[in-house]
Amino acid sequence: MPQVFDSIAIRIDGPKAWDEHLLMSSVITDAGTTHVNELRNGVLNHRVSQAPVTGSTTFTLTRPTLIGLVTGTVDLGAGIADGTVTVDGDPADLQRLVDLLAPVDPNSAIVTP
């Protein structure tokens, strides 16, 4: 699970996210873990927690559903409607986070000569 949150964190557009503050918890039911993500000063940090953090928007879902949300193959509204995702707090926080992601450059050279 940490790799999923790392992949999100490295795509944050720091200057665009500088004034944003988001606090979200993800309860991953099939893994039995809770992850807390906090965006502050243009940086997204995450950690494993015993329980969701008070005051955070909490998403309860499975690992495949989380990956689907991150990759865009699962729609949050549909997931909430069919019970695949439950939310305690403001579900718009996830869209706010997605709006702060920098686009992926498919032509980026992984290794340069």
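In the predicted model, strands β1 (residues 22–28) and β2 (residues 33–40) run antiparallel and are joined by seven bridges. Within this pair, serine 25 faces valine 36 of β2. The two strands form a hairpin, with four residues between β1 and β2. The turn of this hairpin contains glycine 32, whose phi is positive, at about 70°.

Strand β2 is also paired with strand β3 (residues 43–49); here, too, the strands run antiparallel, and seven bridges connect them. Asparagine 37 has histidine 46 of β3 as its bridge partner, and arginine 40 stands opposite valine 43 in β3. A hairpin is formed by β2 and β3 as well, with two residues between the strands. Asparagine 41, in the turn of that hairpin, has a positive phi of about 55°.

These strands belong to an open sheet of five strands, arranged in the order β3-β2-β1-β4-β5. The pairing within the sheet is mixed. From one strand to the next, the twist averages 20°.

Helix α3 (residues 63–71), in turn, lies across β1 and β4 (57–61), and its course runs at about 120° to β4.

Is glycine 68 buried or exposed? The relative accessibility of glycine 68 is 3%; because residues under 20% relative accessible area are classed as buried, glycine 68 counts as buried. When residues up to four places away in sequence are not counted, glycine 68 touches Thr73 and Val74. Glutamine 95 lies 27 residues from glycine 68 along the chain, and the C-alpha atoms of these two residues are separated by 14 Å.

Notes:
Residues numbered from 1 in each chain as written. Predicted model: local features only at pLDDT ≥ 70, side-chain atom pairs only at ≥ 80, totals over all residues. Heavy atoms only, no water. Pairing = 2+ DSSP bridges. Axes fitted to C-alpha atoms, helices over the stretch in contact; angles between N-to-C directions. Contact = heavy atoms within 4.5 Å. Buried < 20%, exposed > 50% of the residue type's maximum accessible area, 1.4 Å probe, protein only.
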